[in-house]
Amino acid sequence: MQTTGQQDTYIRAPIVVVLGHVDAGKTTLLDKIRGTAVAKREPGTMTQHIGASFLPWKALEEISGPLLSQIKVEIKIPGFLVIDTPGHEAFSNLRVRGGSIADIAILVVDVQRGLEQQTFEAIDILRSKRVPFIVAVNKIDKIPGWKSFPNKPFVESVKMQDEATVLKLEELLSYIIEQFNSLGFRADRYDRIKDFTRVLALVPVSALTGEGMPDLLLVLAGLSQRFLLKRLVARVAPARGVVLELKEEVGFGTTATVIVYDGVLKKGDLIVVGGIEKPITTRVRLLLMPKPLDEMRSPEDRFIEIDRISAAAGVKVIADGLEGSIPGAPLIVAASEDEISRILEEVQAEVQATRFQSDIAGVVVKADTLGTLEALVGYLKKNNLPVRLADVGPVVRRDVFEASLVKNIDAKYAAILAFNVKVTPEAREEAAQKGVQIFTERILYRLVENFLKWFEEQRALERRRIFEKVTPPAVVQILPGYVFRRRDPIIVGVRVVCGRLRPGIKLITGDGKEIGDIMQIREHENVLETAEEGSEVAISIRSKAIVGRQVEEGDYLYSDVPLEEINLLLEKYGDELTEKEKEYLRKLLRFRLKFSNRIEYP
Ligand code: GDP
């Protein structure tokens with residue numbers, strides 16, 4: 001442990017996560033890093049942690065040696081703690097209020113495919129959590145003509161490629177750079193960057209051959225050193241961590257994988273952990289780390305007990321009551337019993353900030369962990385979708401009940417989004433009965449995507465329903481010689497000059513006098529539901545007026561669209577209306593607002 005001069009602090013290893021689109025090579029890259037860590041294991045350092053791998057600086061020095069002189073900073077970090085599980089879900093559980101305990105991320109992009117759907121999502125998440133990242137432009141070995149030099153630095157191997165191959169690489173890189181530009185990032189090949197605070201570093205690599213890995217790790221180290229040092233100051237104090245996942249282990253029951261990002265965690269420590277019901281206060285019974293492969297005697301003999309571990313570390317914690325904890329929730333050590341109530345409050349506040357219930361018209365969200373719940377709610381908020389209830393755990397009847405209440409207020413939000421959780425049979429039955437939609441998925445973005453598709457359909461239906469309810473714009477002319485009945489009900493032949501007629505529409509004269517409601521529309525023997533522009537039909541009108549007095553043959557009659565409906569139609573339904581209909585509505589509006597004393601249409 002290197003101290004920073006002050007007695008009680010030290011520089012810890014940055015916590016690194018790997019994100020990217022499916023098949024970009026995240027797992028392969030992590031395997032390569034792990035392989036390096038294990039192969040270059042230093043005596044006394046534990047390279048395999050629980051849920052993470054530690055890459056000691058010494059190992060880095062060995063593989064990045066030739067490049068080290070380039071970064072011109074004295075290295076103070078002890079190495080990297082790389083989270084073993086790639087992707088959004090694990091990352092989202094590394095949460096602390098308003099941010100992440102991940103210090104830096106590697107975003108893996110397939111050199112030939114560029115940025116893809118989940119790459120964009122990963123960038124969004126990293127941005128929102130303010131986690132800096134570098135880009136591993138992976139699979140350079142697949143570029144036609146590329147000659148592989150396993151484990152060599154990219155800057156060396158690129159010098160040994162043909163001109164045409166390098167040109168192809170540059171072409172692929174510039175496409176990726178352009179994609180980043182369109183997101184508002186400046187980006188460049190890392191060896192051309194002068195100011196790493198302004199320009200995103202792209203490191204060409206092959207996770208398969210190891211080419212470019214020295215460069216990648218060095219850029220990671222350089223950036224952590226230069227820009228993250230403040231964050232990396234850890235205290236020799238009671239630990240803080242997050243629960244990454246819960247796992248059943250034979251002989252141990254439920255165990256928690258905990259990433260410790262500050263302080264020292266000891267066997268026997270009094271801890272407070274975020275729980276489903278309420279925060280759990282308990283004592284660390286055991287701390288377990290993986291046994292190095294060469295010391296394992298049987299498959300059951302996988303762990304070694306340790307007494308203490310300091311940040312940054314991934315460790316298995318065993319303690320009574322941990323089965324009720326929530327992945328993504330904080331774990332905080334209380335130095336003494338006096339501290340417990342303050343810490344309980346802190347932990348509870350943090351958990352409750354993500355789990356909430358309100359009475360607004362919004363969707364119900366259920367997820368397996370606090371992290372995925374937070375990510376899901378974040379996506380929805382970004383899409384301006386209200387959330388009524390957000391919680392961890394299976395979908396139960398109460399959730400369906402909430403959604404059914406929403407259905408009465410605003411049906412397009414009567415949905416439950418369930419991520420990686422079960423739906424109880426009763427809940428499913430109830431949902432079918434009440435007409436509540438349940439969306440289930442194991443991939444976050446797909447869940448939101450599926451819901452959004454349905455939501456847009458609902459919105460279009462609702463829009464249609466409203467459109468069909470409002471008074472349509474319509475103008476008719478009474479055809480001279482076609483007055484069949486002069487008084488209630490008036491029956492006349494008309495031409496639809498503009499818009500669309502339907503029974504129930506109230507007609508007025510050009511100066512706004514009410515004539516009456518259309519009772520029926522007929523074309524010869526047929527009764528019509530609507531009459532389109534240009535058609536000639538007979539209409540009956542329930543009316544107190546008399547043709548020849550208040551209204552004459554050849555007169556125009558107008559649909560009586562109320563002011564608020566005129567505004568609604570012009571503002572929201574412009575694309576459903578013809579130019580003539582809009583012109584009529586604007587003239588009617590002028591008349592209604594008393595800018596003119598007649599409806600001047602046509
Ligand atoms: P993930 O879904 O992002 O974790 O991607 P994987 O690591 O599982 O890789 C997806 C596929 O790409 C696998 O078949 C890998 O062998 C392959 N792959 C990953 N990295 C490289 C690389 O650098 N070069 C080549 N040629 N293939 C790679």
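Mentor: Start with a term: a polar contact is a pair of N or O atoms within 3.5 Å. Keep in mind that this is a predicted model. By that cut-off G25 qualifies, because a backbone N or O atom of G25 lies 3.0 Å from an oxygen atom of the ligand.

Trainee: OK. And how far is the side chain of D141 from the ligand nitrogen?

Mentor: An N or O atom in the D141 side chain sits 2.7 Å from a nitrogen atom of the ligand. For L208 a polar backbone atom is involved, 3.3 Å from a ligand oxygen.

Trainee: How much of the ligand does the protein bury?

Mentor: The protein buries 72% of the 570 Å² that the ligand exposes when taken alone.

Trainee: Which residues come nearest to the ligand?

Mentor: D23, K26, T27, T28 and D141, out of 15 residues around the ligand.

Trainee: Changing topic. How many helices and strands are in the chain?

Mentor: The chain has 14 helices and 33 strands.

Trainee: What about the radius of gyration, against a compact globule?

Mentor: The chain has 34 Å, whereas a compact globule of 602 residues would have a value near 25 Å. The C-alpha trace spans about 110 × 65 × 45 Å along its principal axes.

Trainee: What share of the residues is buried?

Mentor: Buried residues are 54% of the 602 in the chain. As for the surface, the chain exposes about 27,700 Å², and carbon and sulfur atoms supply 50% of that.

Trainee: One more residue, S535. Where is it?

Mentor: S535 is in the loop between β31 (526-528) and β32 (536-543).

Trainee: Buried or exposed?

Mentor: S535 has a relative accessible area of 18%, and the cut-off for buried is under 20%, so S535 counts as buried.

Trainee: What does the S535 side chain reach?

Mentor: The backbone oxygen of E532, at 2.6 Å. Apart from its neighbours within four places in sequence, S535 is in contact with V494, R495 and V496.

How values were computed: Residues numbered from 1 in each chain as written. Predicted model: local features only at pLDDT ≥ 70, side-chain atom pairs only at ≥ 80, totals over all residues. Heavy atoms only, no water. Near = heavy atom within 4 Å. Polar contact = N/O pair within 3.5 Å; in protein donor to acceptor, adjacent residues only side chain to side chain. Areas by Shrake-Rupley, 256 points an atom, 1.4 Å probe, with all protein chains shown as cover. Helix = DSSP H or I, 4+ residues; strand = E, 2+ residues; numbered from the N terminus. Rg over C-alpha atoms; globule rule 2.2 N^0.38 Å. Buried < 20%, exposed > 50% of the residue type's maximum accessible area, 1.4 Å probe, protein only. Contact = heavy atoms within 4.5 Å.
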